[in-house]
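I am opening my notebook on a new protein today. Follow along with me as I look things up one at a time.

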Amino acid sequence: MRAPAIQVRGLKKSYAHKVVLDDVSFEVERGQIFALLGENGAGKTTTVRILSTLIQADRGTASIDGCDVTLESDRVRQIISLTGQYAAVDELLTGKENLHLMGGLLHLDRQTVRRRATELLTLFDLTDAAGKIVKTYSGGMRRKLDIAISLLGSPKVIFLDEPTTGLDPRSRASMWEMIRQLAREGVTIFLTTQYLEEADQLADKIAVLAEGRIVAEGTAEQLKAVIGEERLELHFHNSADGRRAATLLHLPMEGDGLQLSLPAGGTTDSLRSALNMLHEHDIVPATVNYRKPTLDDVFMALTGNTEKEVRHYA
Ligand SMILES: Nc1ncnc2c1ncn2[C@@H]1O[C@H](COP(=O)(O)OP(=O)(O)O)[C@@H](O)[C@H]1O
Ligand SMILES: [Mg+2]
């Protein structure tokens, strides 16, 4: 039987007297996109650094493709890639030149480098920018080039530590598409994120890290079953409107009879027809809010804590 792409058992890591990882265990299957979801300071980067052999855990074991990260760290380094692993790209070189430079450092033959560079520039939608110096790139383009460079050696497992933090929505969407494309090529992807939506969009499996432990693990669907779906919340001016709307939409009344909430996970068609229905009956909601579950909701659902108490995880 082949080993899982990543296997982690009982990891512990403390700095001075601060326990960062208390007892972390999980497995990632080959070819999966795995998301480690946690707030700022939860220990995501610490986990990535242990798995990518940059630091050692105090206790527990971790292996990549069956190779122990401590005992076989050289082997592990050949299998993985870590964004930002190499000093930042050279600003005064073009994107293509940066790729060729790294190819040389990795001792890849020139033909392989040329082929991989072309493939990666296409994959990352950087073909047009390939001949321009990196200084002229946007933040999103730079990050894509950084990842492209880390992929030159055709790694089996890729670590992406908060790949979209700080990116604008457009760059984020294109980064997501690129990550999906990588996964389609059969690479195992370990990504960390603070955004529930990102994990939901990308991951085959999500593990939630809080207080040094994995507090929940499963598919996005399984997590949503715990925390609830995206919803459209309607507030009405008076309870008569509220009651009529509830009857029309076949929904139970919530709270003080002034509020309704309908699942918004599906298509916009269902939302539009619901709003049209109200309009036809001259019911005008006082407010319409779109509510997406957040990481706070995950913690609340899992721990029953209020938002304030949850903050203390950070
Ligand atoms: N080298 C270090 N020395 C001391 N404390 C550290 C060190 N690295 C991380 N920490 C602490 O460990 C906790 C987790 O950090 P980190 O793994 O970077 O979290 P995340 O990536 O989820 O934001 C934080 O409280 C951070 O301050
Ligand atoms: Mg981090």
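In which sense, left-handed or right-handed, does α9 pass α10? I turned the model, which is a predicted one, until I had my answer: the crossing of α9 over α10 is right-handed.

**Entry 1: α9 and α10**

I looked up where these helices sit in the chain. Helix α9 covers residues 239–249 and helix α10 covers residues 268–280. Their axes come within 10 Å and cross at roughly 130°. The two helices are therefore oblique to each other. An angle would have to be over 145 degrees to count as roughly antiparallel.

Next I listed who touches whom. From α9, the contact takes in A245, L248 and L249. From α10, A274, M277 and L278 take part. I sorted the residues of this contact by type and got 6 nonpolar, no polar and no charged.

**Entry 2: α5 and α6**

I then went to another helix pair. Helix α5 spans residues 139–150, and helix α6 spans residues 169–184. I found that their axes come within 10 Å and cross at roughly 20°. That makes α5 roughly parallel to α6, because angles under 35 degrees count as roughly parallel. The crossing of α5 with α6 is right-handed.

Which residues of α5 meet α6? I noted G140, R143, K144 and I147 on the α5 side. On the α6 side I wrote down S171, S174, M175 and M178. Sorting the residues of the contact of α5 with α6 gave me 3 nonpolar, 3 polar and 2 charged.

**Entry 3: the sheet with β1**

Time for strands. I traced an open sheet of 4 strands in the order β2-β1-β4-β5, with antiparallel pairing. Strands β2 (18–28) and β5 (67–68) stand at the edges, and each has a single partner strand, so one side of each is left without a neighbour in the sheet.

I checked the partners of β1 one by one. Strand β1 (residues 6–15) is joined to β4 (residues 59–64) by 5 bridges, and these two run antiparallel. Within β4, T61 is the residue that stands opposite R9. With β2, β1 pairs over 7 bridges, again in the antiparallel sense. There I found Y15 opposite K18 in β2.

What lies between β1 and β2? I saw a hairpin with 2 residues between the strands. A16 in this hairpin takes a positive phi near 50°.

**Entry 4: the sheet with β11**

I found another open sheet, this one of 3 strands in the order β12-β11-β13, and its pairing is antiparallel. Its edge strands are β12 (259–263) and β13 (287–291), and each of them pairs on one side only. From one strand to the next, the twist averages 20°.

How many bridges join β11 to β13? I counted 5 between β13 and strand β11 (residues 231–235), and the two run antiparallel. In β13, Y290 stands opposite L232.

**Entry 5: stepping back**

Last, I looked up the domains. The domain assignment gives domain 1 as 6–225 and domain 2 as 229–292. How far apart are the C-alpha centres of domain 1 and domain 2? I wrote down 41 Å.

Notes
Residues are numbered from 1 along each chain as its sequence is written. Chains are lettered from A and ligands numbered from 1 in the order in which they are written. This is a predicted model: local features need pLDDT of at least 70, side-chain atom pairs count only at pLDDT 80 or more; totals for chains, interfaces and linings use all residues. Side-chain values use heavy atoms; hydrogens and water are left out. Axes are lines fitted to C-alpha atoms, for helices over the stretch in contact, and angles run from 0 to 180 degrees between N-to-C directions. Angles under 35 degrees count as roughly parallel, over 145 as roughly antiparallel, 65 to 115 as roughly perpendicular and the rest as oblique. A crossing is left-handed if the near helix is turned anticlockwise from the far one by less than a right angle, and right-handed if clockwise. Contact means heavy atoms within 4.5 Å. Ala, Val, Leu, Ile, Met, Phe, Trp, Tyr, Cys and Pro count as nonpolar, Asp, Glu, Lys and Arg as charged, and the others, Gly among them, as polar. Domain bounds come from an automatic or database domain assignment. Two strands pair if DSSP finds at least two bridges between them.
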